[in-house]
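Here's a quick briefing to read with the model open on your screen. We'll go through pockets, a helix, the cores and some salt bridges.

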Amino acid sequence: MKRKIEASTFSFLDETIRRLNKPGLLLVSGNMKQANVMTIGWGLLGILWSKPFFIVAVRPSRYTHKFIEETGDFTVNVPRRDMEETVTYCGTVSGREHNKFEERGLTLLPSKKVNSPIIEECIINYECKVTYKTKVNKEELSPSILSLCYPYGDYHTLYFGEILMVHADENLDSD
């Protein structure tokens, strides 16, 4: 088991964005008894309202949406390079029918600041508390984005998660 250490909020920003683009990150919401994990490939990290935020987009049809609505928090977990198959799997099957944690050998660890757990096997973990949310408004969206990302509707809810804590593996060089 690798030891997790507390890290400054944006110390792993480049690595997080690189893996967000490919293969994606793992978003977890729920609690230690019942949670769901899904793959995300869209997100924003930065400063808003003088605080650090991770903004994630989750469609209402996704099982994770229910958990974020119930808990008001989530974690974003940056996978190791050898976890690409797991990231793909978590983005293609539903947690309604599958226990993705068991099926992919993912270990949940309790977070320190939020209810939603972190994933031990991931190299960086962000604990986020939802402080604002909004639904994508199709009337305000560019037609090119509308046709590319929403051909069937199912418009995302954008969750603005204040980053309360960041964990990282003690030695990321071994990744």
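Strand E3 is the top contributor to the lining of the largest pocket, giving four residues. Keep in mind that this is a predicted model. The pocket in question holds about 370 Å³ of space, and a second one comes in at about 300 Å³.

**The largest pocket**
- The lining takes in 22 residues, and those nearest the centre are Met 38, Thr 39, Arg 59, Arg 62 and Gly 91.
- Besides E3 (35-40), strand E5 (51-58) and helix H2 (63-71) each put at least two residues into this lining.
- Sorted by class, the lining residues are ten polar, eight nonpolar and four charged.

**The second largest pocket**
- This pocket, with its volume of about 300 Å³, is lined by 16 residues, and Trp 42, Gly 43, Leu 44, Ala 57 and Leu 158 sit closest to its centre.
- Two or more lining residues come from each of strand E4 (43-48), E5, helix H5 (143-149) and strand E10 (157-169).
- E5 has the largest share here, with three residues.
- How does the lining split by class? There are 13 nonpolar residues, three polar ones and no charged ones.

- H2 buries Tyr 63, Thr 64, His 65, Phe 67, Ile 68 and Thr 71.
- The cover over those buried residues includes strands E2 (25-30), E3, E5, E6 (73-78), E9 (124-135) and E10.

- As background, nonpolar side chains in soluble globular proteins tend to be buried together.
- The largest nonpolar core here has 23 residues, and the members that touch the most others are Leu 27, Ile 40, Phe 54, Val 56, Phe 74, Val 76 and Tyr 126.
- E2, E3, E5, E6, E9 and E10 each give two or more residues to this core.
- What does Leu 27 touch, leaving aside residues up to four places away in sequence? Its contacts include Val 37, Met 38, Ile 40, Val 56, Val 58, Phe 74 and Val 76, and also Thr 64 and Ile 68.
- There is also a second, separate core of twelve residues, with Ala 35, Phe 101, Leu 106 and Cys 122 among them.

**Salt bridges**
- The count comes to nine salt bridges.
- One of them joins the side chains of Asp 169 and Lys 4, at 2.9 Å from N to O.
- That pair ties together distant parts of the chain, with Asp 169 in E10 and Lys 4 in strand E1 (residues 4-7), 165 residues apart.
- Both Asp 169 and Lys 4 are buried.
- Glu 15 pairs with Arg 18 at 2.7 Å, N to O, and also with Arg 19, where the closest N and O atoms are 2.4 Å apart.
- Why are Arg 18 and Glu 15 separated by about one helical turn? Because they are three residues apart in helix H1 (residues 13-21).
- Arg 19 and Glu 15 are also about one helical turn apart, because four residues separate them in H1.
- The general rule is that an α-helix has 3.6 residues a turn, so residues three or four places apart point the same way.
- Glu 15 counts as buried because its relative accessible area is 13%, and the cut-off is under 20%.
- Arg 19 is buried as well.
- Shared partners link Glu 15, Arg 18, Arg 19 and Arg 81 into one salt-bridge network.

Technical notes:
Residues numbered from 1 in each chain as written. Predicted model: local features only at pLDDT ≥ 70, side-chain atom pairs only at ≥ 80, totals over all residues. Heavy atoms only, no water. 1 Å grid on protein atoms, 1.4 Å probe; cavity = no way out; pocket = protein on both sides within 12 Å on 5 of 7 lines; lining within 4 Å. Points joined across faces, edges and corners; volume = space filled by probe spheres on them. Nonpolar A, V, L, I, M, F, W, Y, C, P; charged D, E, K, R; others polar. Buried < 20%, exposed > 50% of the residue type's maximum accessible area, 1.4 Å probe, protein only. Contact = heavy atoms within 4.5 Å. Core = buried A, V, L, I, M, F, W, Y, C linked by side-chain atoms within 4.5 Å. Salt bridge = Lys/Arg side-chain N within 4 Å of Asp/Glu carboxyl O.
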